[in-house]
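Let's take a friendly walk through a structure and look at how its parts meet. Keep the 3D view open while you read.

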Amino acid sequence: MADLKTKFLGISSPNPFWLASAPPTDKAYNVNRAFAAGWGGVVWKTLGEDPPIVNVSGPRYSTLLSNDRRVIGFNNIELITDRPLQTNLDEMRQVKKDWPDRAVVASVMLPMNEESWAKYLPMIEDTGVDGFELNFGCPHGMSERGMGAAVGQVPEYIQMATEWAKKASSIPVIVKLTPNVASVVPPAKAALDGGADAVSLINTINSIMRVDYDSLTMYPTTDGMGTHGGYCGEAVKPIALNMVAEIARNKETRGLPISGIGGISDWRDAVDFLALGASNVQVCTAAMVYGFRIIDDLTDGLSSFLDDKQLTLEQLVGKAVPSVTDWQYLNLNYVEKAVINQDLCIQCGRCHVVCEDTSHQAITHTVNGVRRFEVIDSECVGCNLCVSVCPVDSCITMTQLTGGVDPRTGRAISKERLQWTAHPNNPMRKTD
Amino acid sequence: MAGNAEIRAGRLSKAEIDDNFADLHPPLTRSEALIEADRCYFCYDAPCTTACPTGIDIPAFIQKIRSDNLRGSARTILSENIMGGMCARVCPTEVLCEEACVRNTHEEKPVEIGLLQRYATDPVFEHSDQLFQRAVATGKKVAVVGGGPAGLSCAHRLAVLGHNVTIFNRDSKLGGLNEYGIAAYKAIDDFAQTEVDYILSIGGIEVRNNLMLGVNFGLEDLRQEYDAVFLGVGLALSNNLGVEGEDLDGVVNAIEYIAKLRQAADKSTLPVGRKIVVIGGGMTAIDVAVQSKRLGAEEVHMVYRRGPEQMSASVFEQALAQTSGVTLHHWASPARILGDDFVTGVEFDVDRSDGGVRLDADVVFKAIGQRMDGNGLASLASESGRFIVDEHQKTSSDKVWAGGDCVVGGNDLTVSAVQHGKIAAISIDRTLRNR
């Protein structure tokens, strides 16, 4: 079994799976259970100034569900810890003592004045925690008070607060980024410029889940009124992956260590984040949906995968980053066509109707009077829609045309790369 | 069946019988329905819809279940098949929609279309939710002869289209085989009458019960008095075995016993034999065999002259008989029925070298098919005792349409009868509007 031991910013953990700063890491009781289950580390639920904030005593969570009530997306309006600071500090100190091989990182959220950072960070560091995570991400509640995402949306604030944090501490500082921005690169760059040792992303996305179809109010509400929350869970993974890859490949931020967060539910999700540039990952929603025992599949699955691929964890990190580029650099001479395996086809006709209604009319419905779904190469643009909707795994595949003529365009397949930057139709093309 | 001490009521307690006649397929809960609905692939030009004799847009109604739009789902079903409630209970789905389901190819387990159809339609009947509205009255009058599925389907569609309908029904209740023939555990809680009430609630349908064609009225009277006539008279007479001993006490037409069973307020009061032989291989044979067993008969033998593949009862029905404790015998024809006053047994010719087989019996049920009571209908062209109709269910006679089991191609299924009635109504409507 591949070794999953990780050193992230010099912080050791037996595996790259940390629980994200959130309800599962609110107190020693939960964290002890998590460590007993096998989690590599925790980012303790965000600490703030005393007196502690107050949470609503009504619905804090709601979900986007499939028909069999599988959780697809998850929304929350819980704020940072609502327990006295000293209680948290005492518990953190004890937990770190009891679990010396696990990572314990303190998430913090403080007002935008240097005195607060200078006052609280040394107190927290004294507990023996391995690092800080600066919460510049929470999009609800705290952002109304000028903290959380309100900081994370302004690169200058990120840099300023990161500098204060670095000045007031001697352990690694991770800056947690909000996805509620036009581009995640400037905030990441600001963290880097402020001296951050790493970034973690994504925090949750502004969201309202739905309305109540009886009362026609938003859902859920606290005494008839509701507020937007932060969206997470499987549904946000693609958004998070893009942001991780953007930081990993952008020349201004490349090389900045990343802790990947966003919808990680099984080991394959972790592979996605790691291959796109994260050095470790944080999990919350999946644990809140199934409990801490999911760690078993996460570690076991990742380890087996590394064995199969004959890779170390370090080798996997960033492996897929070179494959991510801008649209303008894609090869416009490359041609694929869909191919339907008639032995696997169950005749549902979904590929036909979606191609017919919404795409390129490139799949038959009837051949010689018999129900049969075949790709019409002279119409197929290779869009992958049929592959995406087919209910049968591997029934429809995309196959590259390597020679001859594309029956759709009538043009010979060229082995030369042709990017938009050099395409004859591009008035701004660069010529050699 | 009087006089033979072996034929008596109370072989089982009332509680046991109630249990034996509970819903064969209990309805789905909301959770079950949502999960099952999620299995539907929403096929294009769906094979299940093609396989449904009434052409219900099955993916569309299942999609509406998924979104909790049950009223819309029921409308999708009932607008093609007004007896979608009964068909959800009695259709041999395993040889119709569910056999065509592409999930069979994928995983050998079709979507439970019948149960989903019941889930979608049950609330409509429970709350008498009227989903249809009558068109502007046409002033035309149509006579429907027969109050079974074909007649009721025709009557409902005609009423929706704005015509006034009179149903002439030979029984004291409407419903035909739904009321008098279907096995009791397939249509519990008087569902047949609930459905009849729903159909009539559209308005514009007058019902005249206890009237026999050829006895109380004639076809010519109807042709004179009405703008069109629909015949859904079914197959009212039972076929005979034509063997020695057929008139012994204890030899009974299966459909008559089933009708009695369906009408019994308390099934534990029904006399049932100890050893029963059922002759036939269709749904009626299965129904009488299984119900006899569930009433407490000790031994039930079902004997068919050909093999299991030739049985018109579906594989599911045959399995139901076997799991209910009925012994199936194939390739055996009755040679004679034994007994002096009462039946004591049946002797069979068997296609085997060791000769005939004898089964003891105190009741013998004949379930070898029915034929039409053609009284008063000789003027219509027919073939093998059934009316010849065109693709619009039109008979050879001016102003007369027909459907259900009494026409060539009738196949003993409620769903087919409903489709015949619907097609006839649409054709009658076009004719009356000169379109």
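In this predicted model, chain B and chain A bury about 1200 Å² between them, and carbon and sulfur atoms give 59% of that area. On the chain B side, Y41(B), Y44(B) and H106(B) stand out: together they supply 47% of the area that chain B buries against chain A, more than any other three residues.

Who takes part in the contact? Chain B brings 13 residues, while chain A brings 14 residues. Here are the counts for this meeting place:

| Item between chain B and chain A | Count |
|---|---|
| Residues from chain B in the contact | 13 residues |
| Residues from chain A in the contact | 14 residues |
| Salt bridges | one salt bridge |
| Polar contacts | six residue pairs |

Which part of chain B gives the largest share of the side that touches chain A? That is α2(B), with three residues. Both α2 (30-38) and α8 (103-107) of chain B supply at least two residues each to this side. Sorted by class, the side of chain B that touches chain A holds eight nonpolar, two polar and three charged residues.

Now zoom in on the salt bridge. It joins D45(B) to R371(A), and their closest N and O atoms are 3.9 Å apart.

Finally, turn to chain A on its own. Chain A is divided into domain 1, covering 6-323, and domain 2, covering 328-422. How far apart do the C-alpha centres of these two domains of chain A lie? The distance between the centres is 41 Å.

Methods:
Residues are numbered from 1 along each chain as its sequence is written. Chains are lettered from A and ligands numbered from 1 in the order in which they are written. This is a predicted model: local features need pLDDT of at least 70, side-chain atom pairs count only at pLDDT 80 or more; totals for chains, interfaces and linings use all residues. Side-chain values use heavy atoms; hydrogens and water are left out. Domain bounds come from an automatic or database domain assignment. Contact means heavy atoms within 4.5 Å. Buried area is the accessible area (1.4 Å probe) that two parts lose on being put together, summed over both. A salt bridge is a side-chain nitrogen of Lys or Arg within 4 Å of a carboxyl oxygen of Asp or Glu. A polar contact is a pair of N or O atoms within 3.5 Å; within protein, one must be able to donate a hydrogen and the other to accept it, and residues adjacent in sequence count only if both atoms are side-chain atoms. Helices (H or I, at least four residues) and strands (E, at least two) are DSSP runs, numbered from the N terminus. Ala, Val, Leu, Ile, Met, Phe, Trp, Tyr, Cys and Pro count as nonpolar, Asp, Glu, Lys and Arg as charged, and the others, Gly among them, as polar.
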